[in-house]
Amino acid sequence: MATSVLKLVLIIFSILPPLALSKSQLPFKPNTLVLPVRKDSATSLHVTNIRKGTPFVATPLVVDLNNKFLWRDCERNYSSTSYRFPFCHSTQCSRVGNHYCHKCLAPARPGCHNNTCGVMTTNPLTQWTILGELGQDIVSVQSAHGPNSGPFVTVTQFIFSCAPPKLLTGPLPKDVLGVAGLGHNPGSIPYQLASHYGFQPKFALCLTSSNKANGVIFFGKGPYKLNPGIDISDPVGFTPITVGPRGEYYIQVISININNKALPLDMPRISRNKQGSFPNALLSTTTPYTTLKHSIFMATTKFFADQLSWAPQIQPPVSPFGVCFNSSKISGTRVGPAVPSIDLVLQSGNVTWKIAGANSMVQARPDVLCLGFVDGGIRPRIPIVIGSHQLEDNLLQFDLAKSRLGFSNSLLFRRATCANFNFTTTP
């Protein structure tokens, strides 16, 4: 009897269609993740908020394009029940290239345990480096739904550095707890999100120039969209990226053109330091304005002023800039002040990054516009550091798998800004 019943059950299941999970039952696997980024009015640094720990707490972090890790002060307002600490010589330590063991003789707490993995953690403004404890915890990040935010997703074993509070020195926004590192390292935010969700290590930076609205960082393959449905996924140009020893991103600037005329100066082709040879331009989100080697700076400011001869100069110029003008004599356009164009000629000379007036000029005072470039001295370690003012309202795509940078030029040409991504609605 039992055998007959079993045969009947098998026959019934053999003729039934296979069971299928509904979309609501399937685990959600996003193609693109997003982080909001605001511009701090006091420091002009860009800050993101990442939900972290158990329970989730919004953690404000300075966006640092060249830091290897997410790091935070673990002594201030951090009591997560899901915090874990990898031990010395563990797989997690090897993943981030660690060769240190961390010791702490104080009572155990996040950031203070014995025989844990230690990572060298750097403040990008002071360049002060200190040993922090490698930790793991849950983070929650929003997905993208076209030009709007979508559901939150979680990474349960996100690794980061637990740093002591004394690392939070320097002119940082007063509410930040650490740094969101986007550098080239398996422990950085782009690599960890890509590894967890199975997409290529690729992210796109879209910093806002506004102090009142959020910009956005995209992670994943895209598409990258801004309201009202503008697809900004396809760059207007690409140039190779070279990664420095600290995970920083360099590109090669062949020449600088002003008003379509080449700057009368031989550009340094290579910067040489103890670590070897690298291209001459570093991309930085923690340097407010592009910094130029003294010879390049002097040639740039003089040539630019000659091309803008109809606008009276302001003497002395407003610090830290080298040349300023009476803005009442300069008309406006939808891409900023009507001033001589500035182009960075990249790669082999056939790729051009156009810097619009909104990115080249700074409103230093009422009726005073200054050229937003700063003198970096006679012998700087890096001849050109492209600062955040020149990056704002441009989409920069970092394709780490292909070692290349894609750029959009100013989104103002397309009647959009980086504040056009909507973080207020979730489908």
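How many nonpolar, polar and charged residues does the lining of the second largest cavity have? The lining has eight nonpolar, no polar and no charged residues. Nonpolar covers Ala, Val, Leu, Ile, Met, Phe, Trp, Tyr, Cys and Pro; charged covers Asp, Glu, Lys and Arg; the others, Gly among them, are polar.

The model is predicted: local features need pLDDT of at least 70, side-chain atom pairs count only at pLDDT 80 or more, and totals for chains, interfaces and linings use all residues. Residues are numbered from 1 along each chain as its sequence is written, and side-chain values use heavy atoms, without hydrogens and water.

Two cavities of 30 Å³ or more were found. A cavity is a set of points, on a 1 Å grid over the protein atoms alone, where a 1.4 Å probe fits but cannot get out; lining residues have an atom within 4 Å of a point. Points are joined across faces, edges and corners, and the volume is the space filled by probe spheres set on them.

The second largest cavity has a volume of about 40 Å³. Its lining consists of L35, I50, L70, V139, V141, F158, I189 and L193. Strand β7 (129-145) and helix α3 (189-197) each give two or more of these residues. Strands (E, at least two residues) and helices (H or I, at least four) are DSSP runs, numbered from the N terminus.

The largest cavity has a volume of about 60 Å³. Its lining includes I256, F373 and Q390. At least two lining residues come from each of β22 (290-292), β26 (342-346) and β31 (384-386). By class, eight are nonpolar, three polar and none charged.

Conventions
On a 1 Å grid over the protein atoms alone, a cavity is a set of points where a 1.4 Å probe fits but cannot get out, and a pocket is an open set with protein on both sides within 12 Å along at least five of seven lines; lining residues have an atom within 4 Å of a point.
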